[in-house]
Amino acid sequence: FGQYLPEPFTTTAYSIPKTISNLAIALDTGVFDTPLRVAVNYVFLFIVFGSILSSTKVSDFFFELGKLLFGKLISGPALIATINSALVGSVVGSAVANVTITGVYTIPAMKKAGYKPERAAAIEAAASNGGQILPPVMGVIAFAMAGFAGIPYLRICAMALMPALLYYMCVGAYCHLSALKNPVLRERKIEKQTIDYDLMRYKAPSFVIPLVLIMYLLWKGYSVSFVAFWAIICVLVVSNLVPKKYRPNFKDVLDGFLEGGISGAKIGSISAVIGIMLATFTGSGMGIKLSIGIGTWSGGVLFFALLIIWVVCVLLGMIGVSAVAYYTTAAFAVPVLVKMGMAYETAHFFIVFPTAFALITPPIATVSIVASQLAEADYMKTAIEAVKASAAAFILPFLFAYSPTLLMQISVFTAEYWLDLTAIIFALLALQVIGASYLLTDVNILEKLLLICASAMLILYIPLNSAFLYVFGVAAAIAVVLMQVSKVKKISSSIQAEI
């Protein structure tokens, strides 16, 4: 019926037989288009792999590791939740599944320590959602990119590594600054953590050995299905080469296969529908019209084109399925970005980020909904806090276009690499301090303004490559740190005088 719509929405008309052929019968389009092939050849077995890992209780190892690393810090409960959800998310492949697996024990632990329910839920949502972009397995959207764009999966892992580390650095900073600002957490007695070293010793191989196997087989060039199959076998074998107390029972493993099969089938069904959408989108000519429209609306300016595409990705991502947003947006947006001079793989990866993090973007933030229910918290407050914790995810994609450093497209032995990296780190941490309104003590208006200037100058340094912006951005950030140190000394001196 697109032929009856007014311009610019008028589309090509097809007969009923031609439409049925395009959408459901032809073996290379519609139902059987790229999304379904990706679901079969890339996604299904890794979904099963993630379910088997969960059923063998490898997440227990992650929780104990978190206690070992962060148990003695004020922000310990939140940082334990962050590393636990990050590691689980890196192999499970689903943000919602990650929250349901880890949130049932990380959220109560944070609430017990003194975190407000909304903040505990937000931290869990942000940490779980980040697993979609954390190698080696990442989320379904990474497989979608590999299959649709034809980019080797190992290359996608390499591109995702630095953004993922920067993202979790910022989530960790949010956790720690939130704890420092909260008087209940700041004054609480840190309980001595009891760490089960035996569990760590016997469960660690079930994660580490399959991880090494996955990276090795991908590096050798084997297919993703081949790699996933042997990763599943590896987990099953290694998890049973331990004392009986730490082995998974048969029912748990069977439940893991069942859950993986059901989840994989759901992804397959969704992928078939996406194929129908793509066939309609491209066959009707609407994709070409949207590509031309973005070029026109942006005035040929890359930044404005990125901003328009970012908004589209978030709006489509709110459906709750990242792959839908990625496929739909990539079909018309990538040609525009490539025409404007962006590298092909960078253009695809730019689209991946906002579609992945649309799951925690209000008003329809699927991951935040689940986390808020587990925490018995207000949904909208949770979603807003999750956006604060995930601030880096909304800025990093725009830097991909201007900084080859972020996507590992430049040697680490160059000055450009380290200048870009330090600028990005300072800028992101400054934004987290602004969001928390706390560093060493409360941050006042003047300090906030200085941090805003520092962050803006360091972000602008990336596309403009101006030494002035870099020097003054870093100087402004350091000035705030010195002001905070001075305030802390005055407060300490005042307390000593009163004593």
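User: How do the residues of the lining of the second largest pocket divide into nonpolar, polar and charged?

Analyst: This is a predicted model, in which local features need pLDDT of at least 70 and side-chain atom pairs count only at pLDDT 80 or more, while totals for chains, interfaces and linings use all residues. Residues are numbered from 1 along each chain as its sequence is written, and side-chain values use heavy atoms, without hydrogens and water. The lining of the second largest pocket has 10 nonpolar, 10 polar and no charged residues (Ala, Val, Leu, Ile, Met, Phe, Trp, Tyr, Cys and Pro count as nonpolar; Asp, Glu, Lys and Arg as charged; the others, Gly among them, as polar).

User: By class, what does the lining of the largest pocket have?

Analyst: There, 19 residues are nonpolar, 15 polar and five charged.

User: How is an aromatic pair read, and how many does the structure hold?

Analyst: Rings of Phe, Tyr and Trp (its six-membered ring) pair if their centres lie within 6.5 Å; planes under 30 degrees apart are stacked, over 60 edge-to-face, and the rest tilted. The structure holds 26 such pairs. Tyr167 and Tyr168 are edge-to-face because their ring centres lie 5.2 Å apart with the planes at 80°.

User: Is Tyr167 buried or exposed?

Analyst: Buried means under 20% relative accessible area, exposed over 50%, and partly exposed in between (1.4 Å probe, protein chains only). Tyr167 has 0% relative accessibility and therefore counts as buried; Tyr168, at 12%, is buried.

User: Which residues do ring pairs link into a cluster?

Analyst: The cluster comprises Tyr167, Tyr168, Phe349, Phe353, Phe357 and Phe400. Both Phe353 and Phe400 are buried.
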